[in-house]
Amino acid sequence: HDYANPRTSYYVANFNVPVMDQLHDHAKDEYRSKVREPMDLGKVENELRGGRLTGAWQAYDKMDLVFANAVLYHRDIEHEQSQRIAKCGQHLRRFLRWVA
């Protein structure tokens, strides 16, 4: 799917860096109020490489959290980019479950 292709979709690249680094200042409080545990794929990779995730299911849970957070934050924002990120998160959660 085009949402999940890292070569053609900048939406996937957004999952690799902290969301707080990508938001405008006015949106950061809203993000904090909706998302209890921020997570990004870069952090998951660092935790894997650092040995802080000891099993496949821990890694699965962290990756699922990345995509769940994207859906949670973006689904109610009526902006095309936010809606595409929410759909991308939904698609990647389904793909992750399928792979597991």
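Me: How many residues does α5 have, and what span is expected for α5 at 1.5 Å a residue?
Reply: This is a predicted model. From its first C-alpha to its last, α5 reaches 28 Å. That is close to the expected span. The helix has 20 residues, and the expected span is 28 Å.

Me: Which element gives the largest share of the largest nonpolar core?
Reply: The largest nonpolar core has 14 residues. Phe 15, Met 39, Val 44, Val 66, Phe 67 and Leu 92 touch the most other members. Both α4 and α5 supply at least two residues of this core. The largest share, 6 residues, comes from α4.

Me: Which residues does Val 44 contact, leaving aside neighbours within four places in sequence?
Reply: Val 44 is among the core residues that touch the most other members. With neighbours within four places in sequence set aside, its contacts are Met 39, Leu 53, Lys 62, Met 63 and Val 66.

Me: How many residues make up the second, separate core?
Reply: Ala 27, Tyr 31, Val 35 and Tyr 73 are included in this core. The second core is separate, and its residue count is 6.

Me: Which element gives the largest share of the lining of the largest pocket?
Reply: The largest pocket holds about 460 Å³ of space. Its lining has 24 residues, and Leu 23, Tyr 73, His 74, Gln 81 and Ile 85 are the closest to its centre. Two or more lining residues come from each of α1 (10-14), α2 (25-34), α4 (56-74) and α5 (80-99). The largest share, 5 residues, is from α4.

Me: How many charged residues are in the lining of the largest pocket?
Reply: The lining divides by class.

Me: Which residues lie nearest the centre of the second largest pocket?
Reply: This pocket holds about 170 Å³ of space. At least two lining residues come from each of α3 (41-49), α4 and α5. Of the 10 lining residues, those nearest the centre are Leu 41, Met 63, Phe 67, Leu 92 and Leu 96.

Me: How many nonpolar residues are in the lining of the second largest pocket?
Reply: The lining has no polar residues. It has 1 charged residue. The nonpolar residues number 9.

Conventions: Residues are numbered from 1 along each chain as its sequence is written. This is a predicted model: local features need pLDDT of at least 70, side-chain atom pairs count only at pLDDT 80 or more; totals for chains, interfaces and linings use all residues. Side-chain values use heavy atoms; hydrogens and water are left out. On a 1 Å grid over the protein atoms alone, a cavity is a set of points where a 1.4 Å probe fits but cannot get out, and a pocket is an open set with protein on both sides within 12 Å along at least five of seven lines; lining residues have an atom within 4 Å of a point. Grid points are joined across faces, edges and corners, and a volume is the space filled by probe spheres set on the points. Helices (H or I, at least four residues) and strands (E, at least two) are DSSP runs, numbered from the N terminus. Ala, Val, Leu, Ile, Met, Phe, Trp, Tyr, Cys and Pro count as nonpolar, Asp, Glu, Lys and Arg as charged, and the others, Gly among them, as polar. A nonpolar core is a set of buried Ala, Val, Leu, Ile, Met, Phe, Trp, Tyr and Cys residues joined through side-chain atoms within 4.5 Å. Buried means under 20% relative accessible area, exposed over 50%, partly exposed in between (1.4 Å probe, protein chains only). Contact means heavy atoms within 4.5 Å. The expected span of a helix is 1.5 Å times one less than its number of residues.
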